[in-house]
Amino acid sequence: MVAESETTAEPNGWVGRSIPRVEDAALLEGRGRFIDDLGVRPDLLHAAILRSPHPHAEIESIDCSAARAADGVFAVVTGADVKALTASLVVGVKAPIECWPIAIERARYVGEPVAVVVASDRYRAEDALELIEVTYRPLPAVVDPLVATGAGAPILHPAVKSNVIGERTFRYGDPDSAFASTPHRIRVDVHYPRNSCTPIETYGVIAEYDPGDNSYDVLANFQGPFSLHPVMARALKVPGNRFRLRTPPDSGGSFGVKQAIFSYVVLISVAARIAGRPVKWIEDRLEHLAASVSATNRVTTLEAAVDTDGRIRALAFDQLEDCGAYLRAPEPATLYRMHGNMTGAYDIRHVKIRNRIVLTNKTPTGLNRGFGGPQAYYPLERLMQRIAIELNLDPLDVIRRNLVPANAMPYRTASGATLDSGDFPASLAAAIDAGKLGELIARRETARAAGKLYGVGFASVVEPSVSNMGYITAALTPEERRRAGPKNGAQATATISLDPLGAVSVQVASTPQGQGHRTVLAQVVADALGLRPQDIRVIADVDTAKDGWSIASGNYSSRFAPAVAGATQIAAMNLRERLARVAATQLNVAPADIVFAGGRVAARANLDNALPFARLAASAHWAPGTIDSDLGQTIRETVFWTPPELTAPNEADEINSSLCHGFIFDFCGVEVDRLSGAVRVDRYVTMHDCGRVLHPAMVAGQITGGFAQALGAALFEEYAYAPDGAFLSGTFADYLVPTSMEVPEPVILQRESPSPLTPLGTKGVGEGNCMSTPVCIANAIADAMSLTSLDLPATPTKLAALIHGRQNEPRVKS
């Protein structure tokens with residue numbers, strides 16, 4: 001999309017227009033302010049981390065004497081040092097597990113930190129790592145989650161006496177009766193693989209310890225959620241006001257991944273305390289692939305009770321979530337984020353769910369773009385295709401027959417979510433028409449007549465946004481939740497300030513990673529105050545010692561447009577209302593007759609009766625005595641907003657796990673090469689209803705970016721491990737990420753059903769295709785090759801083996 005002019009406002013305002021992004025000039029000219037670009041103190045030291053080469057091993061001894069004696073080395077930190085100065089990181093289930101940022105007596109995955117060297121520069125620190133002598137006693141490893149649950153499997157945490165550290169079952173409606181009375185039971189078994197979003201900028205931490213008041217000051221490219229701030233403070237054994245966390249102005253992508261930097265924040269903070277100087281650590285790419293974080297892999301059995309016409313009466317999920325070697329906060333978020341909308345876009349009233357969390361000798365998991373969505377929707381949408389095939393029905397008819405009808409909105413799902421708005425059948429029909437599905441079906445028939453393997457796939461999903469901070473507590477029983485106290489909500493905060501010259505500044509705790517938050521917020525505030533976006537300065541990085549924030553702050557779960565921009569809109573309108581009352585006294589009209597437009601504040605009936613906005617805005621600084629004391633100040637407005645719909649799980653384990661839900665319907669055509677097994681995406685159509693659109697070009701960019709990452713998950717990307725636990729995806733030669741050459745341009749279609757639950761009517765849009773695209777492509781491949789089952793990634797090697805017969809045993813997967 002071509003950006004519009006930012007100089008003249010249209011009658012309908014700035015919101016909804018694709019104005020140029022405020023952020024782009026600095027980024028394109030190399031003036032971005034990323035963590036590794038920022039100035040540092042002259043006494044700064046640098047850290048390098050020694051990591052375990054073993055997936056599972058006892059650490060019998062660590063000899064650091066030679067490293068400590070090396071030139072330029074100031075400190076060497078081991079597990080014993082960390083344990084003496086910190087507490088175990090919080091674990092999200094009730095289990096006797098300790099979780100440290102470094103191996104304590106035992107290493108449990110390849111790449112786990114074992115020691116940290118702090119030196120005058122990174123080169124000396126890296127050299128000194130080679131001088132550390134570690135004696136390991138290798139132990140049997142387990143990487144298959146099903147094997148890990150069995151008797152005789154190696155136990156990662158002996159105190160637990162099992163690798164299954166959490167299990168819960170849920171029942172909604174009467175699923176047993178539905179299964180007993182329905183003529184068909186159709187099932188899919190899915191092994192969803194591990195993958196990661198691999199942002200271009202890796203982790204970075206600069207930490208400083210002040211012994212005078214026992215406090216830490218940390219700069220890190222952390223993205224949130226800031227519920228991890230108390231986790232870090234607790235681990236460092238300081239109160240929250242002694243742990244200052246700051247984020248840089250720019251961050252080179254995250255896609256969820258930089259949530260997991262928090263364990264390194266703790267580790268490098270301890271290193272700074274021991275060294276007595278500030279310490280900087282920038283993760284390298286090999287470290288990031290091996291040991292940062294990945295999405296969970298999940299084994300799912302999903303069974304449906306189905307009528308002969310394809311109507312689904314009940315679902316039964318059995319989900320085994322592999323979280324790697326430790327359950328690090330905020331996990332088990334990936335397993336429970338979708339809990340309220342496990343039935344997706346469908347009207348299914350009877351559901352039973354079994355959830356188990358298992359640990360294996362792999363990297364600990366965390367948030368990745370769309371977290372929970374790909375793992376949940378892949379089996380559900382594969383099931384929809386299998387229902388159509390086994391009952392000899394059209395897949396589209398099965399989807400249509402089960403969609404939540406428009407007249408049911410707002411729709412409460414069986415497990416407690418509220419689908420807030422939308423007309424799913426109308427969006428599907430519009431996509432079929434505008435996306436030219438008929439032409440794609442005809443293309444399939446022509447290709448098949450020519451002997452080609454060509455298939456068409458579908459996916460229909462809801463995209464949740466603005467996570468309820470209480471959904472993770474569904475992992476606990478109602479009794480455990482009562483003891484722990486309620487957790488719920490999704491606080492967003494925004495502050496708008498007016499300076500003595502009448503200029504407007506906005507501060508939000510959104511920590512963007514390239515999404516364009518500053519541009520959109522400038523549009524929102526400009527509309528409210530009758531200004532131009534370039535008149536507004538937006539600050540989106542966070543300093544917990546100075547800024548307004550709460551545990552829900554941060555950039556995740558597609559919360560920006562619905563929550564952060566919504567809070568900013570409320571703050572702007574509150575400030576506007578008070579300014580209007582001040583202007584009314586000066587212009588001798590009623591406050592309701594004041595208009596804000598073109599940088600002026602005027603009387604509606606006589607636009608010449610006006611004054612400059614800057615003069616009005618500055619009056620509280622220069623002439624506060626002219627403002628009615630009952631009105632209060634007009635210098636600054638701070639808003640904390642949380643939606644009342646996001647309540648804690650109830651006694652029946654029903655949870656509205658997200659505030660709002662967009663709708664996505666995708667279809668695609670793919671061709672599989674008969675010789676090589678390579679997949680070519682011939683056409684991909686994606687229909688989105690994400691509520692009110694604030695900036696169309698950015699929405700298109702978010703959809704395109706999510707599609708590109710999802711294409712990688714579908715066809716290329718996998719964190720693979722050998723049977724002995726060796727990590728096999730440690731470079732980009734092994735972990736294949738699609739480039740622009742492999743990513744076709746999707747056809748993007750949009751409808752708008754404003755959410756009644758958010759201040760601007762917006763919903764999230766940044767994660768949806770990571771949820772819908774992998775299974776849409778898989779369904780197309782299955783259609784092309786007549787496959788009953790297919791696990792991702794659908795690599796040429798895997799598909800060629802299915803075409804020609806397997807010649808070599810594949811490596812063990814994630």
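In what order do the five strands of the open sheet line up? In this predicted model, the order is S7-S15-S14-S13-S8, and the pairing is mixed. Strand S7 (164–172) and strand S8 (184–192) sit at the edges; each has a single partner strand, so one side of each is left without a neighbour in the sheet. On average, and ignoring direction, neighbouring strands here are turned by 10 degrees against each other.

Zooming in on one pair, strand S14 (residues 312–322) and strand S15 (residues 350–358) run in the parallel sense, with nine bridges between them. Take Ala316, for instance: its bridge partner in S15 is Lys352. The sheet also has a helix lying across some of its strands: helix H11 (residues 373–390) goes across S8, strand S13 (297–306) and S14, and runs at about 140 degrees to S8.

Now for the chain as a whole. It has 21 helices and 28 strands. Its radius of gyration is 27 Å, close to the 28 Å that the globule rule gives for 814 residues, so the chain is as compact as a globular protein of that length. Along its principal axes, the C-alpha trace spans about 85 × 75 × 55 Å. Of the 814 residues, 61% count as buried. Among contacts between residues at least 6 apart in sequence, 80% link residues at least 24 apart.

How confident is the prediction? The average pLDDT of the chain is 95, and 98% of the residues score at least 70. Over residues 1–10, though, the pLDDT is below 50, and this stretch has 27 contacts in the model beyond near neighbours in sequence.

Key. Residues are numbered from 1 along each chain as its sequence is written. This is a predicted model: local features need pLDDT of at least 70, side-chain atom pairs count only at pLDDT 80 or more; totals for chains, interfaces and linings use all residues. Side-chain values use heavy atoms; hydrogens and water are left out. Two strands pair if DSSP finds at least two bridges between them. Helices (H or I, at least four residues) and strands (E, at least two) are DSSP runs, numbered from the N terminus. Axes are lines fitted to C-alpha atoms, for helices over the stretch in contact, and angles run from 0 to 180 degrees between N-to-C directions. Contact means heavy atoms within 4.5 Å. pLDDT is the predictor's confidence in each residue, from 0 to 100. The radius of gyration is taken over C-alpha atoms; the globule rule is 2.2 Å times the number of residues to the power 0.38. Buried means under 20% relative accessible area, exposed over 50%, partly exposed in between (1.4 Å probe, protein chains only).
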